[in-house]
Amino acid sequence: MKKGLPYMQPGRVIGLLGGSFDPAHEGHAHISREALKRFALDELWWLVSPGNPLKARGPAPMGQRMARARAVMDHPRVRISDFEMRAGTRYTAQTLRALTRACPGVRFVWLMGADNLAQFDQWQDWRWIMDHVPVGVLARPGQRIAARNAKAADIYRYARLRGFESRLLAHGPAPRWCFVNVPMVDVSSSDIRAKGQWATRDAKGA
């Protein structure tokens with residue numbers, strides 16, 4: 001075990017879905033099940049982050065968010081992880097470097113929504129991510145325009161796989177990315193918080 005991670009056999013294909021999960025909901029679970037199928041993943045890990053560097057306000061306590069994530073995502077091939085907190089990483093590129101060191105030979109795939117792709121060029125070391133880790137982009141039907149206009153999509157247009165090639169995403173060198181449309185569950189963490197359906201506790205109660 002390294003920083004809370006199990007031993008992973010080299011060659012395994014692991015999808016990584018990062019975020020604050022504040023709170024986790026069925027939409028996260030749904031796209032996780034879709035990603036397992038579309039990208040032929042052996043496993044998928046939810047990386048529950050200590051906080052999003054692009055957001056000024058912090059999320060609910062880690063313990064509360066981890067417990068909610070485990071309750072929402074009950075699947076034999078999905079793990080809920082606090083690796084970023086254990087490793088002390090704050091940015092995605094840092095996390096990916098730490099994971100590749102901890103799990104040599106494992107094939108990681110970074111997963112994101114089309115909304116993330118649209119502002120991906122604002123992420124720290126985003127080009128390093130594209131150059132070193134295959135990226136799977138999941139979106140609602142109709143989001144192709146935003147994705148097509150993304151700076152990252154334009155620069156790495158040559159490295160894009162077509163939708164019917166999605167199962168090959170992890171089986172080739174980066175840069176390598178694929179955009180797939182998936183039916184979406186109409187729910188978001190921000191809506192849940194706005195409706196008062198996510199009562200946070202202080203650190204003592206986490």
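Reader: Where in the protein is confidence lowest, and where is it highest?
Author: First, the ground rules: this is a predicted model, where local features need pLDDT of at least 70, side-chain atom pairs count only at pLDDT 80 or more, and totals for chains, interfaces and linings use all residues. Residues are numbered from 1 along each chain as its sequence is written, and side-chain values use heavy atoms, leaving out hydrogens and water. pLDDT is the predictor's confidence in each residue, from 0 to 100. Helices (H or I, at least four residues) and strands (E, at least two) are DSSP runs, numbered from the N terminus. Here, confidence is lowest in helix 9 (residues 189–194), with a mean of 73, and highest in helix 6, at 98. The mean pLDDT of the protein is 87, and 87% of its residues reach 70 or more. Over residues 202–206 the pLDDT is below 50.

Reader: Okay, the sheet next. In what order do the strands run?
Author: Strands of a sheet pair through backbone hydrogen bonds, either parallel or antiparallel. Two strands count as paired if DSSP finds at least two bridges between them. In this model seven strands make an open sheet, ordered 3-2-1-4-5-7-6, and the pairing is parallel. Strand 3 (78–81) and strand 6 are the edges, each pairing on one side only. Strand 1 and strand 4 share five bridges, and Leu-16 stands opposite Trp-110 in strand 4.

Reader: Which residues have the most contacts inside the largest nonpolar core?
Author: A nonpolar core is a set of buried Ala, Val, Leu, Ile, Met, Phe, Trp, Tyr and Cys residues joined through side-chain atoms within 4.5 Å. Buried means under 20% relative accessible area, exposed over 50%, partly exposed in between (1.4 Å probe, protein chains only). The largest core has 36 residues, and Leu-16, Trp-45, Trp-110, Leu-117 and Trp-177 have the most contacts inside it. Helix 4 gives the largest share of this core, five residues. There's also a second, separate core of 28 residues, including Leu-17 and Phe-39.

Reader: What covers the buried residues of helix 4?
Author: The cover includes strand 1 (13–19), strand 2 (43–48), helix 3 (83–87), strand 4 and helix 6. Among the buried residues of helix 4 (residues 92–102) are Thr-92, Leu-96 and Leu-99.

Reader: And the aromatics: how many pairs does the structure hold?
Author: Rings of Phe, Tyr and Trp (its six-membered ring) pair if their centres lie within 6.5 Å; planes under 30 degrees apart are stacked, over 60 edge-to-face and the rest tilted. The structure holds seven such pairs. Take Trp-110 and Trp-123: their ring centres are 6.5 Å apart and their planes stand at 85°, so the pair is edge-to-face. Trp-110 sits in strand 4 (residues 107–113) and Trp-123 in the loop between helix 5 (114–118) and helix 6 (126–132), so the pair ties together parts 13 residues apart in sequence. Trp-110 is buried at 3% relative accessible area, and Trp-123 counts as buried at 17%. Trp-126 and Tyr-156 pair edge-to-face too, 6.1 Å centre to centre with 80° between the planes.

Reader: Which residues form the aromatic cluster?
Author: Trp-110, Phe-120, Trp-123, Trp-126, Tyr-156 and Tyr-158 form one cluster.

Technical notes
Contact means heavy atoms within 4.5 Å.
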